[in-house]
Amino acid sequence: MRIDVALRLAQEADLDLVEVSPNSNPPVVKVMDYGKYKYEAAQKAKEARKNQANTILKEVRFRLKIDTHDYETKRKRAESFLQAGDKVKAMILFRGREQSRPEQGVRLLQRFAEDVAHNGVVEFTPTIDGRNMVMIIAPLKSKADAKAAQAKAKTAKPARETEPVAVRDEVATPAQAPVAAKTPAVKVPVAKAPAAKAPVAKAPAVAKVPAAKAPAATRAPKAAPKTTTEKKEETDA
């Protein structure tokens, strides 16, 4: 198809003429909505980045003389890592003269690999790394598959089981007489007579008698001052 014809068709449809495969001979173009195409491509890229999962290397450390309880705890922890799609690095730490007995470390790591075989497989066999012995176990499921399985397990709901209910057919026998239905007893409300209250006689109020006030004490009149003649006579006497 000629380019001018393709452009005319795109304009008539109110769409865009997009070159899809420029390296082919002749180039391939497509009539589409370019804005919608870019949006869908961005959504697909975002979904791909969301589902992309990187495998992480988890580490589990052992001692050569590890206790049974500690070993079971570390084994369960390693199984949870493998079920999540991560690799497990099992490491044995040698102390002192334990470095002269590496065969015991190999037996311990082989036992560990057998215990987690239903969740992972040995990727690197036990090797000496300085004072340590290392073994790497890879998961059987990828990280994306493990995430999808976990999401499916969360959304899945167990179906409710319905138990069959036995139904008994009641057959009326002629010997049985019909039982009259009992009429419910009707309670008649009883009117209570109001209790008569006897009037209570109030005692007469006692009149208050005003208290008599004591007469105020009279003051004696002051003596008149003495004259100069009287003072002189008293001096001569």
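Arginine 75 is placed in helix α3, where helices (H or I, at least four residues) and strands (E, at least two) are DSSP runs, numbered from the N terminus. The structure is a predicted model, in which local features need pLDDT of at least 70 and side-chain atom pairs count only at pLDDT 80 or more, while totals for chains, interfaces and linings use all residues. Residues are numbered from 1 along each chain as its sequence is written, and side-chain values use heavy atoms, with hydrogens and water left out.

At 15% relative accessibility, arginine 75 counts as buried; the term buried means under 20% relative accessible area, exposed means over 50%, and partly exposed lies in between (1.4 Å probe, protein chains only). Leaving aside residues up to four places away in sequence, arginine 75 touches Phe112, Asp115 and Val116, a contact being heavy atoms within 4.5 Å. The side chain of arginine 75 also meets that of glutamate 79 in a salt bridge, at 2.8 Å from N to O. A salt bridge is a side-chain nitrogen of Lys or Arg within 4 Å of a carboxyl oxygen of Asp or Glu. Both residues of this pair belong to helix α3 and are four residues apart, about one turn of the helix. Glutamate 79 is buried, as is arginine 75.

The chain as a whole contains six helices and six strands. Read from the N terminus, the elements follow the order α-β-β-α-β-α-β-α-β-β-α-α. Of the 237 residues in the chain, 16% are buried. Among contacts in the chain with a separation of 6 or more, 56% are between residues 24 or more positions apart.

Four strands form an open sheet of mixed pairing, in the order β3-β4-β6-β5; two strands pair if DSSP finds at least two bridges between them. The edges of the sheet are β3 (57-63) and β5 (120-129), each of which pairs on one side only. From one strand to the next, the twist averages 20°, with axes taken as lines fitted to C-alpha atoms, for helices over the stretch in contact, and angles running from 0 to 180 degrees between N-to-C directions.

Seven bridges link β3 and β4 in the parallel sense. Lysine 58 has valine 88 in β4 as its bridge partner, and phenylalanine 62 stands opposite isoleucine 92 in β4. On the pairing of β4 with β6, the two strands run antiparallel and are joined by six bridges. In this pairing isoleucine 92 stands opposite methionine 133 in β6. Strand β4 is largely enclosed by the rest of the structure, because five of its seven residues are buried.

Helix α3 (residues 68-83) lies across β3, β4, β5 and β6 (132-139), and runs at about 170° to β3. Helix α4 also packs on the sheet, touching β3, β4, β5 and β6, with a direction that makes about 15° with that of β6. Together, β3, α3 and β4 make a right-handed β-α-β unit; a crossover is right-handed if, with the strands pointing away from the viewer, the path from the first strand over the helix to the second runs clockwise.

The structure holds five salt bridges. Side chains of opposite charge can pair when their charged atoms come close. One of the salt bridges joins the side chains of glutamate 123 and lysine 87, at 3.1 Å from N to O. Glutamate 123 lies in strand β5 and lysine 87 in strand β4, so this pair ties together parts that are 36 residues apart in sequence. Glutamate 123 is partly exposed, with a relative accessible area of 35%, and lysine 87 is also partly exposed, at 27% relative accessibility. Elsewhere, salt bridges that share partners join Glu72, Arg75 and Glu79 into one network. A further salt bridge is made by the side chains of arginine 61 and glutamate 59, at 2.6 Å from N to O. Arginine 61 is partly exposed, with a relative accessible area of 47%, and glutamate 59 is partly exposed at 31%.

Glutamate 98 is found in the loop between β4 (87-93) and α4 (102-115). Glutamate 98 is buried but has no salt bridge, and the nearest side chain of opposite charge, arginine 95, is 4.7 Å away. For charge, Lys and Arg count as positive and Asp and Glu as negative, whereas His and the chain ends are not counted. Not counting residues up to four places away in sequence, glutamate 98 touches Leu64, Lys65 and Leu93.
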